[in-house]
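Reader: I would like to learn how to read a ligand site and a few backbone features in a model of this kind. Could you take me through them slowly?

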Amino acid sequence: MKRKYLSILLVLVLVVTLAACSNSGDNNDATPPAETTTNGAEGKDTVEVGIAIYRFDDNFMTLYREELEKYFAELSAETGVTYNLDIQDGKQDQATQTEQINNFITQGKDVMILNLVDITAANAIIDLAKNADIPVVFINREPETIDMKLWPGKTTYVGADATQSGTFQGEMIADTPNQGDFNGDGKISYIMLQGDPQNVDAQQRTDFSIKALVDAGLTPDPLSEPYQANWDSAKGQEFTANALAQFGMDLEVVFSNNDGMAMGAIQSIEAAGRKVNEDIYLVGVDAIPEAVQALADGTLTGTVLNDHYNQSHTAADVAVELVNGKDVENYYWIDYVRVVDQSDAELKDAEPRTETVEEAEARYAERAK
Ligand code: GAL
């Protein structure tokens, strides 16, 4: 009798255990699966992140890339989730980069963070990503709004509004004691060192720096067409040397779309025996460490912080949200900061501003008027 009860008990235990096992694998059970307690990727030990950078040997994108790595490492340490970063150098060639992105897709990355070489490729890349169900965070080079509508919620842009940086550059010149007019002829005679002309940052900094002068009631006088120095320091040096030789003391202001080119310009200005802030002004964008040092040395009039710190942190945070299956905003904007003093370039946490694609379109239409 005792034996019989024991076997019934054993059978019961077995049935209950089997039932529990079969329920744990599907969602028919009324009991929800246990929630994860981390702030990182939910229910994952490792997350595979594919990161494509347009070119490794770019000052600003190097700062950005290093901060991104650092921040993901911090997230790993805090949450126990391992973020495996696969960071590829596009070498400024879209075909190379498209291949790298295709590899990310074949490897089944959980999310991609993309700094495209050629932003017009965004459309095709979003299609590929959507088919593979791999969400995308675009950084640094803003896609067209039409492309941002292809897969809303799962594609996003994290960046800074380049018009703001151009405006700050113009305002910094308008704020100088002689408002950029050393020779008192009532005009601001300038040259423009332009970044990659396909890049919206280059186009808008070129336009909005000059617009800010006009808005301040001043008269800009371009001594030449913008020089295509492609973000490159050596080219910035060469074009500035040529302009100084050609225009001499007529040249009053050098606008540089980034600090890299401005660092080249400093060398030519010094070689020509000219003195920044005494007989010529020079402004850049990015606030790379060399430029912040140049400000302290008095060889640069001003720069604008292109906040790689908050941009990279936001890109990573948004990527984690996407990995967790959430829908994200269309845009996350980090403000530029005007830098005329070393302390202005200090990196501190800032909240991104979000925007829908419709809001961005309305804003762009307004701006184009
Ligand atoms: C800009 C930056 C440049 C260059 C460029 C690359 O935002 O100011 O220095 O890095 O991005 O797309």
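Author: What follows takes up the ligand, then an aromatic pair, then backbone angles. This is a predicted model, in which local features need pLDDT of at least 70 and side-chain atom pairs count only at pLDDT 80 or more, while totals for chains, interfaces and linings use all residues. Residues are numbered from 1 along each chain as its sequence is written, and side-chain values use heavy atoms, with hydrogens and water left out.

Reader: Which residues surround the ligand?

Author: A residue is near a molecule if one of its heavy atoms lies within 4 Å of it. Here the residues around the ligand include Tyr 54, Phe 60, Asn 140, Arg 141, Arg 205 and Asp 286.

Reader: How should I read an aromatic pair?

Author: Rings of Phe, Tyr and Trp (its six-membered ring) pair if their centres lie within 6.5 Å, and planes under 30 degrees apart count as stacked, over 60 as edge-to-face and the rest as tilted. The count comes to seven aromatic pairs; among them, Phe 60 and Tyr 64 are edge-to-face, with 6.1 Å centre to centre and 80° between the planes.

Reader: And what does phi tell me?

Author: Most residues other than glycine have a negative phi. Asn 230, however, has a positive phi of about 55°, and phi of Asp 286 is near 125°, also a positive value.
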